Structure formats: C-alpha cells, structure tokens
Amino acid sequence: FAFRAGNSDVAAEGVITNWRGTPSISLRIHSSQLDLGLLVPRREEHAAEAATDTREGRRRLPDVDVDLRVKYAFYKEFLLTDVTGRFVMKENVLQVERLSATTDEGRLDGHALIPLSEVGIRRASLEVNGIPIERVTSAVGLQDPPLTGWLTLNSELQQEGELSDPLPTL
C-alpha cells in the first residue's frame, strides 16, 4: 500500500502471518521524502493511552520485522539522506539494527534495544561524525546555540530497572 501525509510519501509491501495467534508482520517500507515529526507522539495522545492501560491489561504486541529505506528524511530543519535500518519487534522488545543516514556534511549510525514495558534493560549506541551543531540544536528548538562547530559523538547508553513511562525514551 502507499499513502501521502503532507509532503511525505510512504510505500510498504509485506506479509502478515499467524492471524489467529500472535500476528507476525514482515514489511519493506520505502519513502522518497519523510517528515519525521509526523512520527513523534503527542504528549496528550500518549497520556490518554497510558490512562486506559494497566499492567494486567497489556497485550502482547505482534512480531514485526521492517526493512526501512528513506531517500530524504527531515525533522524541522534537520535533513538526513539515504536513511536505512531494520526494526525488529519480538516479545514486546523493539530492536533497531543497522540504522544509518548521511547529511551533506556528516554521517550517523546506531542501534538500540528497547523493551516496550515498564521493566527491562534499554541499550542504545549512536555514532555521529561531522554534523554541524547548529543543525542539531535547531532540531530540538534551540535557535541561538551557545556552541558552534562540528559534532562528533560516540555514545553508549544503558538503563536498567523500572521505567514508569517508556514511550518518551523512544
């Protein structure tokens, strides 16, 4: 199927199996242009969802395997090109593999392991090379950054234990 949302276009093809049990979804998603701001959940939508969700009422999410390819992705004024990655969700754990993208000046690569429940170990790594700091700060709403120059970053993050609201960490 294919659709447009604003200036973004998305085309997906795939297979859904095991309809009667826990569905398993395998997709290939392609986009020539994608506004990443459309994917960021609004706080009020998440608050309403969290209010109706209880630990006893949590359902097991379907298994998902997504191969993503986006020619141009943007968030506010931050442009990424040739975005690729694989997203695998199994047993309510989201794994982001081989995430990579370029900008006209630099590159970003990363991966993450994110349990979609309150308790678990979350891990992520991100490598960024040669991206102007001004692009990053404007993407998070800081118009007059206190720093200028080029961002190079190698990071590893890990969080263990209970997290009362897991969605904002995504």
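Q: Which residue forms a salt bridge with Arg107?
A: Asp109 does. The closest N and O atoms are 3.3 Å apart. Keep in mind that this is a predicted model.

Q: Is Arg107 buried or exposed, or partly exposed?
A: Arg107 counts as partly exposed, at 35% relative accessibility. Asp109 is also partly exposed, at 24%.

Q: Why do side chains like these pair up at all?
A: Side chains of opposite charge can pair when their charged atoms come close.

Q: OK, how many salt bridges does the structure hold?
A: Eight.

Q: What does Lys90 meet in a salt bridge?
A: The side chain of Asp63. The N to O distance is 3.6 Å. This pair links distant parts of the chain, 27 residues apart. Asp63 is in strand β4, residues 63-75, and Lys90 is in strand β5, residues 78-90.

Q: And Asp63, buried or exposed?
A: Buried, because its relative accessible area is 13% and the cut-off for buried is under 20%. Lys90 is partly exposed, at 49%.

Q: Switching over: what about Asp65, which partner does it have?
A: Asp65 forms a salt bridge with Arg86, with the closest N and O atoms 2.5 Å apart. Asp65 lies in strand β4 and Arg86 in strand β5, so the pair ties together parts 21 residues apart in sequence.

Q: How accessible are those two?
A: Asp65 is partly exposed, with a relative accessible area of 24%. Arg86 is partly exposed too, at 25%.

Q: Which residues are linked with them in a network?
A: Glu97 and Arg98. Together with Asp65 and Arg86, they are linked by salt bridges.

Note on methods:
Residues are numbered from 1 along each chain as its sequence is written. This is a predicted model: local features need pLDDT of at least 70, side-chain atom pairs count only at pLDDT 80 or more; totals for chains, interfaces and linings use all residues. Side-chain values use heavy atoms; hydrogens and water are left out. A salt bridge is a side-chain nitrogen of Lys or Arg within 4 Å of a carboxyl oxygen of Asp or Glu. Helices (H or I, at least four residues) and strands (E, at least two) are DSSP runs, numbered from the N terminus. Buried means under 20% relative accessible area, exposed over 50%, partly exposed in between (1.4 Å probe, protein chains only).
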